[in-house]
Amino acid sequence: MTDTPDTPEEDPTALWGPATLGIRAAELRGPEMEHSPSIYPTSSFVFRSAAEAARVFAGEQEGNVYGRFTNPTVRAFEQRLARMEGGDACVATASGMAAILSLVLATMKAGDHLLASAGLFGATINLFNNYFVKFGIEVSYAPLADVEAWKQALRPNTKLLFVETPSNPLTEIADVRALADLAHAHGARLAVDNCFLTPVFQKPLALGADYVIHSATKFLDGQGRCLGGAVVGDADKVGKEVFGFMRTAGPCLSPFNAWVFLKGMETLAVRMKAHEDNARRLASWLNEQVGIGRVFYPGLASHPQHELARAQSSGYGAIVSFEVEGGRQGAWKLIDSTRMISITANLGDTRTTITHPATTTHGRISAEARAAAGISEGLVRVAVGLEDLEDLQADLLRGLPQP
Ligand SMILES: *Cc1c(COP(=O)(O)O)cnc(C)c1O
């Protein structure tokens with residue numbers, strides 16, 4: 001024993017911010033010293049000897065075996081996203097839905113209860129209600145922003161809490177830390193779908209969540225090209241449990257898509273800030289237009305959970321919803337009057353998109369359930385892209401009454 005304190009070798013990358021991590025974390029460089037990452041389009045990998053093959057198969061030596069398990073380009077994407085989210089492990093999947101499927105099938109069994117926030121992404125609700133229940137998983141829902149209601153909704157067999165925050169399309173905010181504490185006190189785990197804010201603005205693991213879900217299809221790609229997804233978390237829960245399911249069941253990400261996402265992540269931080277800048281200014285502007293009712297955007301001081309959003313995230317994202325006077329007719333008129341903005345439900349693209357939730361993304365739920373969720377006939381959702389703000393304003397103005 002000596003009095004001299006240990007001075008461990010410091011990791012110079014430990015302090016990197018999100019922009020640097022998106023560009024520099026898990027850089028993939030082969031013997032050709034390429035500056036931009038390579039795609040490894042191979043389904044299997046070879047060994048130098050039978051003995052080496054035996055060691056790799058036995059897990060005694062690291063190495064690639066087969067593309068369903070690992071691939072260098074996919075691994076670079078996984079490691080980069082894990083670093084950005086502050087997790088130890090990441091499992092990449094073929095889509096965002098495949099990430100949710102992998103998480104639940106890897107960690108839950110018949111008789112377990114899954115408690116989720118009301119108003120999730122439509123395919124997520126269908127997966128829960130139409131498929132997981134077939135295999136004996138109980139599913140119920142709690143209002144996203146009401147922690148007391150979550151407490152009441154817990155059952156003795158509740159194993160997983162699942163939330164999307166901010167919610168779509170009304171941008172309600174979950175108190176991630178409170179829900180994580182609630183889950184853990186109950187012996188359950190919390191998963192947060194972080195698709196809307198990305199690690200540039202929100203890091204659910206640091207707030208206590210056990211899993212982060214991504215649809216890489218959205219902002220990680222950022223230009224509407226490829227489908228992909230990921231589960232991020234710790235070395236056991238994700239690195240072993242979720243990975244074990246993924247390598248066996250096979251909903252893996254293709255190396256080409258991983259390469260597109262690696263390129264997307266290099267610009268994620270600048271893009272998210274630009275998306276948000278446009279969204280914040282568009283929301284304030286909409287608030288002042290004739291013919292527009294309530295505007296839903298967590299960055300507005302009038303948003304009921306503005307303070308919570310400010311405390312747990314460093315940005316408010318790119319989704320802005322608003323009520324148009326005249327109900328469905330007014331909303332459809334505004335949508336149909338646009339000439340530039342794309343009429344599509346996708347989001348996370350450079351191109352701004354516009355939808356009428358009541359008749360598209362939320363069209364299959366009953367009118368009562370829709371009303372209870374606050375999705376009115378006049379509601380319009382805009383996923384704000386990177387065009388010039390003035391051009392977005394001009395496009396939306398076409399369908400509004402002129403003062
Ligand atoms: C798009 C989306 C998903 C599903 O992702 P896919 O890549 O389309 O499978 C899940 N959650 C949210 C919040 C989404 O927007």
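In which sense do β10 and strand β11 pair, and over how many bridges? Select residues 353–355, which make up β11, together with β10: the two strands pair in the parallel sense over two bridges. Across this pairing, S342 stands opposite T353 in β11. Keep in mind throughout the tour that the model is predicted.

**The five-stranded sheet**

Five strands form an open sheet here, in the order β8-β9-β12-β11-β10, and the pairing is mixed. Look at β8 (292–296) and β10 (342–343): each has a single partner strand and stands at an edge, so one side of each is left without a neighbour in the sheet.

**From β8 to an aromatic pair**

Now select Y297, in the loop between β8 and α12 (306–312), and Y316, in the loop between α12 and β9 (319–324). The two residues are 19 residues apart, and their pair links distant parts of the chain. A pair of aromatic rings is described by the distance of the centres and the angle of the planes. For Y297 and Y316, the centres are 6.4 Å apart and the angle between the planes is 70°, an edge-to-face pair. Is Y316 buried or exposed? Y316 has 14% relative accessibility and counts as buried, because the cut-off for buried is under 20%. Y297 is buried too, with a relative accessible area of 0%.

H306 counts as buried at 11% relative accessibility. Setting aside residues up to four places away in sequence, H306 touches Y316 as well as P298, G299, L300 and A301.

**The seven-stranded sheet**

Move to the other sheet. Seven strands form this open sheet, in the order β1-β7-β6-β5-β4-β2-β3, again with mixed pairing. The edge strands β1 and β3 (138–142) each pair on one side only. Neighbouring strands are turned by 20° against each other on average, with direction ignored.

Within this sheet, select residues 113–117 (β2) and 158–164 (β4). These strands run parallel and are joined by four bridges. L114 stands opposite L160 in β4.

Two helices come next:

- Helix α4 (residues 96–107) lies across β1, β2, β4, β5 (189–193), β6 (211–215) and β7, and runs at about 150° to β6.
- Helix α9 (residues 237–249) packs on the sheet, where it touches β1, β5, β6 and β7; its direction makes about 25° with that of β1.

For another group of rings, select F128, F132 and F162, which ring pairs link into a cluster.

**The nonpolar cores**

Finally, show the side chains of F77, L81, V200, V232, L253 and L268. These have the most contacts inside the largest nonpolar core, which has 37 residues. Which elements give two or more residues to this core? They are α3 (72–85), β1 (89–93), α8 (198–201), β7 (229–233), α10 (255–266) and α11 (268–287). Helix α3 gives the most, with six residues. The core draws at least three residues from each of domain 1 (12–265) and domain 2 (268–397).

Centre the view on L81. Leaving aside neighbours within four places in sequence, L81 is in contact with C90, P199, H214, L220, A230, V232 and M265.

The last stop is a second, separate core of 27 residues; L282, A283, F322 and L389 are among them.

Note on methods: Residues are numbered from 1 along each chain as its sequence is written. This is a predicted model: local features need pLDDT of at least 70, side-chain atom pairs count only at pLDDT 80 or more; totals for chains, interfaces and linings use all residues. Side-chain values use heavy atoms; hydrogens and water are left out. A nonpolar core is a set of buried Ala, Val, Leu, Ile, Met, Phe, Trp, Tyr and Cys residues joined through side-chain atoms within 4.5 Å. Buried means under 20% relative accessible area, exposed over 50%, partly exposed in between (1.4 Å probe, protein chains only). Domain bounds come from an automatic or database domain assignment. Contact means heavy atoms within 4.5 Å. Two strands pair if DSSP finds at least two bridges between them. Axes are lines fitted to C-alpha atoms, for helices over the stretch in contact, and angles run from 0 to 180 degrees between N-to-C directions. Rings of Phe, Tyr and Trp (its six-membered ring) pair if their centres lie within 6.5 Å; planes under 30 degrees apart count as stacked, over 60 as edge-to-face and the rest as tilted.
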